[in-house]
Amino acid sequence: MLRPIRISAPGAKPVSLLEAKGAAKVDFGDDDALIEGMIDAAISHLDGWSGVLGRCLINQDWRLSHCDWPSYRFIRLPFPDVSAVTVKYFDEDNAEQTVSSSLVTRFEDERGTVIRFSDDFAFPSVFDDRGDGVQVEFTAGYGAAATDVPRAIRTAILLMVAHWYNNREASTEGQRSEIPFGASALIAPFRRVGV
């Protein structure tokens, strides 16, 4: 299995510039670009493959590649909350083929999302010279809108942005500039253990 690749970014952000400015108590436009950057940094810290939550916030499309078919008819996806899955492969002639959705079942367990191939599906041969002979494309996230993201996560993002905005100087003894404790407590129930 290769590292998953995001093929389509989310169409929205979990919080708006207006919400972040309100949290930071900013009522002017001079620092809008700075605050947008902080929103993006907070989302990056939490979201996707490298995010500390181990999950996607707003729906986004990913591709997971394997060199061949799984040995146990299952493929574990790297994220929970998967709403759509398409399995493709490159046949012996290196032509892309799509597995019928009737032959693939998606389910959630305590570790996230798993897809299972039907017993009726005979794994076809895959082109030998590809490291990505079998590809799973999927959509993961709480939903397409900001309001689909749990309020606790959205509040944590706002706390992070407000904290970073109001504490931009270098850290000194007794002053913390990383993630505020309140934000850490809010996101804790949503963290996933890596698979």
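Residues are numbered from 1 along each chain as its sequence is written, and side-chain values use heavy atoms, with hydrogens and water left out. Because the model is predicted, local features need pLDDT of at least 70 and side-chain atom pairs count only at pLDDT 80 or more, while totals for chains, interfaces and linings use all residues.

The largest pocket has a volume of about 310 Å³. A pocket is here an open set of points on a 1 Å grid over the protein atoms alone, where a 1.4 Å probe fits, with protein on both sides within 12 Å along at least five of seven lines. Grid points are joined across faces, edges and corners, and the volume is the space filled by probe spheres set on the points. The lining, made up of residues with an atom within 4 Å of a point, comprises 20 residues, and Arg6, Ile43, Ser44, Asp47 and Gln60 lie nearest the centre of the pocket. Two or more lining residues come from each of strand 1 (5-8), helix 2 (32-46) and strand 2 (60-66); helices (H or I, at least four residues) and strands (E, at least two) are DSSP runs, numbered from the N terminus. Helix 2 gives the most, with 3 residues. By class, the lining has 11 nonpolar, 4 polar and 5 charged residues (nonpolar: Ala, Val, Leu, Ile, Met, Phe, Trp, Tyr, Cys and Pro; charged: Asp, Glu, Lys and Arg; polar: the others, Gly among them).

Helix 2 has 15 residues and spans 21 Å from its first C-alpha to its last, close to the 21 Å expected at 1.5 Å a residue (1.5 Å times one less than the number of residues). Its buried residues are Ile35, Met38, Ile39, Ala42, Ile43 and Leu46, where buried means under 20% relative accessible area, exposed over 50% and partly exposed in between (1.4 Å probe, protein chains only). Seen down the axis of helix 2, these buried residues fall within an arc of 135°, so they line one face of the helix; the arc is that of the directions from the helix axis to the C-beta atoms. They pack against helix 1 (17-24), helix 3 (151-166) and helix 4 (181-187), with contact taken as heavy atoms within 4.5 Å. Alanine 41, also in helix 2, is partly exposed at a relative accessible area of 36%. Glycine 48, which follows helix 2, has a positive phi near 75°.

In helix 1, Ala20, Lys21 and Ala24 are buried. Seen down the axis of helix 1, they fall within an arc of 100° and so line one face. The buried residues of helix 1 pack against helix 2 and helix 3.

Most residues other than glycine have a negative phi. Asparagine 94, with a positive phi of about 65°, is in the loop between strand 4 (82-90) and strand 5 (96-98) and is partly exposed, at 31%.

Arginine 192, in the segment after helix 4, is buried, with a relative accessible area of 17%. Its contacts beyond four places in sequence include Leu53, Phe79 and Arg111.
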